[in-house]
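Subject: Structure handover

Hello,

I am passing the structure below on to you. My notes on what was found in it follow directly after.

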Amino acid sequence: MQLFDKIDLSGRLTDEDYTSRMYAAQRRLVELRLHIGGHLDTPEIGPGVLVVFEGSDAGGKGGAIKRIVEPLDPRHYRVSAFAKPSFDEKRKHFLWRFWKEVPGLGGMALFDRSWYGRVLVERVEGYATREQWKRAYEEIVNFERSLVLEGVIIVKFWVQISPEEQLRRFQTREKDPVKRWKLTDEDWRNRDRTEEYTDAIEEMFQRTNHELSPWHIVSGEQKKWARVHVLEILNQRIEEGIALFEHPDWRDGYA
């Protein structure tokens, strides 16, 4: 539990700070999204943006995604949620179902879960063989590197909450008829395998946190904090990605 021991879950925002920072972050995101889409001063399109969300069950991934897309024109983004692969998808390489949802230049997509299921749930639950999930780390890193070098900004978020907060949210969902659909038997089972998932998550971070697509670990203990923090990190990463995209010589060092 080397990494999880270092995660700070104490971040909090007042209602006033949340409102002001959320407004500023969403407005900046709209500007950046219009810029990469060629809708501002120049018609030239910029890099694509792919936002990948992983994290604790009930950690607040959906709420963070909602705040990202809230100020955007519905034509300017796509949200893809990934669960258990279908029979047809399992007949193909595990990256295939994700590849076809990746945005092109000037586009934007958000993934609720992703190819990291290969080294997390598929590893822990035995859906992938040891050989398959061991091989997947290198496949994933090479896949991400190729996308970034072709002009896609990949921003990876892990949203973490404590076991106590997770239990409280599970119980709240269980009692709410319009939120009960979010809670599954698998969510409860996963709590019983915390140690196995922690080991898988630690190895995932160690082997897939690379310079072209680093992990951003966000505390989801307070939803306000998580949502603002995600947006501010996203804006920063897009700004950095635009600067690199406009000076393509940077790729020479990664060829």
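Asp73 has a relative accessible area of 26%, so Asp73 counts as partly exposed. In this predicted model, Asp73 forms a salt bridge with Arg75, and the closest N and O atoms of the two are 2.9 Å apart. Arg75 is exposed, at 73% relative accessibility.

Another such pair is Asp88 with Arg91, where the closest N and O atoms are 2.7 Å apart. Asp88 is partly exposed, with a relative accessible area of 33%, while Arg91 is exposed at 59%.

Arg123 and Glu203 also form a salt bridge, with 2.8 Å between the closest N and O atoms. Here the partners come from distant parts of the chain: Arg123 is in helix H5 (residues 121-124) and Glu203 in helix H9, 80 residues apart. Are these two residues buried or exposed? Both Arg123 and Glu203 are buried. They also belong to a network in which salt bridges with shared partners join Arg123, Lys134, Glu203 and Arg207. Over the whole structure, the search finds 24 salt bridges.

Next, the aromatic rings. A ring pair is described by how far apart the centres are and by the angle of the planes. The count comes to 13 aromatic pairs. One of them is Phe53 with Phe157: the ring centres are 5.2 Å apart and the planes are at 25 degrees, which is under 30 degrees, so this pair is stacked. Phe53 sits in strand S1 (residues 48-55) and Phe157 in strand S4 (residues 152-160), so the pair links distant parts of the chain, 104 residues apart. Both of these Phe residues, Phe53 and Phe157, are buried.

Trp158 and Phe205 pair in another way: with centres 5.6 Å apart and planes at 80 degrees, the pair is edge-to-face. Since Trp158 lies in strand S4 and Phe205 in helix H9 (residues 194-208), this pair ties together parts that are 47 residues apart in sequence. Trp158 is buried, with a relative accessible area of 3%, and Phe205 is buried at 7%. Trp158 and Phe205 are also members of a cluster linked by ring pairs, which includes Phe82, Phe98, Trp99, Phe111, Trp115, Tyr116, Phe143 and Trp215.

Last, the surface. Lys66, Lys179, Lys182 and Lys223 form a positive patch there. Of these, Lys179 is in the loop between helix H7 (163-175) and helix H8 (185-191). Lys179 is partly exposed, with a relative accessible area of 35%.

Regards

Notes. Residues numbered from 1 in each chain as written. Predicted model: local features only at pLDDT ≥ 70, side-chain atom pairs only at ≥ 80, totals over all residues. Heavy atoms only, no water. Patch = residues over 30% accessible without salt bridge, like charges linked within 9 Å, V, L, I, M, F, W, Y side chains within 5 Å. Areas by Shrake-Rupley, 256 points an atom, 1.4 Å probe, with all protein chains shown as cover. Salt bridge = Lys/Arg side-chain N within 4 Å of Asp/Glu carboxyl O. Lys, Arg positive; Asp, Glu negative; His and termini not counted. Charge placed at Lys NZ, Arg CZ, Asp CG, Glu CD. Helix = DSSP H or I, 4+ residues; strand = E, 2+ residues; numbered from the N terminus. Buried < 20%, exposed > 50% of the residue type's maximum accessible area, 1.4 Å probe, protein only. Phe/Tyr/Trp six-rings, centres within 6.5 Å; stacked < 30°, edge-to-face > 60°.
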